[in-house]
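My entries follow in the order of the look-up.

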Amino acid sequence: MTTLTATAPARHRRGLAVVPSAPRMLLTDPAGLFAELARLALPRGDFVVCGSAALYVRGLRARMGDLDVVARGAAWDIVRTLAAPQPALSGYGLVVNHPTAAIEFVDRWTPGWPTDYLIASADLIDGIPFMRLGDVLAWKQRARRPKDLPDIAAVHRLRRLWNGDPAPAPAHKTDWRKAA
C-alpha cells in the first residue's frame, strides 16, 4: 500500500514554476476524485470513504458518481476551508460539498454508524481508508433503496466466490399451461 503524503513544494526549472501534483496513487477514476481527495492531504485516522466508492475500488461497481467522505477532527478542519458546512439533506449532521469535484464530506454517517467505529475499522487501500465491505453491505441492506439492490447482489456474489459456493442455479419458470 502507498502512503498518502502532502505534496512537495513547487520546483523551478529554467525559470518556469512546476505546480505540485497530487501524491502518486494507483487508484484512478474518470473524474479524478481519488486524486483530488489525496491532494487535500487529510490526516489518516480522521476520515473514511464510505458508500459506493468502497465497492468501486474493490471492482464490484463499474462506476461511481461521487465520493462520500466522513471526516472529523483535523480532517474536518481542512474540509471546512473548502466551503461552509450546511445541514445535511438527511437532517443528520453537517455536509461540505467540494467546490469543484463530486466529493461530499460529512461529519457523521447515517444513524447507527458511529464515526469513530467507521474510521477505526476502515480498510486501507492505496493509502485511502475505505468503509469495510461487510459494513457497506449491512448499510445498503438496511437502506434497501432501489439503487442499492445491484450492489447487495454484487457483494453476495463475491462472498459466494470467496466461500467456494457455486452460483445459484437460474430459476426456471414453469409454463403454467403445461403444468395443468
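Predicted model: local features only at pLDDT ≥ 70, side-chain atom pairs only at ≥ 80, totals over all residues.

Residues are numbered from 1 along each chain as its sequence is written, and side-chain values use heavy atoms, with hydrogens and water left out.

Entry one: the chain. I found 7 helices and 9 strands, taken as DSSP runs numbered from the N terminus (helices H or I, at least four residues; strands E, at least two). Of its 180 residues, 38% are buried, meaning under 20% relative accessible area with a 1.4 Å probe, protein chains only.

Entry two: the crossing. I looked up H5 (residues 133-143) and H6 (residues 149-163), whose axes come within 10 Å and cross at roughly 140°. Axes are lines fitted to C-alpha atoms over the stretch in contact, and angles run from 0 to 180 degrees between N-to-C directions. H5 and H6 are therefore oblique to each other; that class takes the angles left over from under 35 degrees (roughly parallel), over 145 (roughly antiparallel) and 65 to 115 (roughly perpendicular).

H5 contributes Leu 133, Leu 137, Lys 140 and Gln 141, while the H6 side includes Ile 152, Val 155 and Trp 162.

I list Leu 133, Asp 135, Val 136, Leu 137, Trp 139 and Lys 140 as its buried residues. Their cover includes helix H2 (53-56), helix H4 (115-120), strand S8 (123-125) and H6. Just after H5, Arg 144 has a positive phi of about 45°.

Methods: Contact = heavy atoms within 4.5 Å. Buried < 20%, exposed > 50% of the residue type's maximum accessible area, 1.4 Å probe, protein only.
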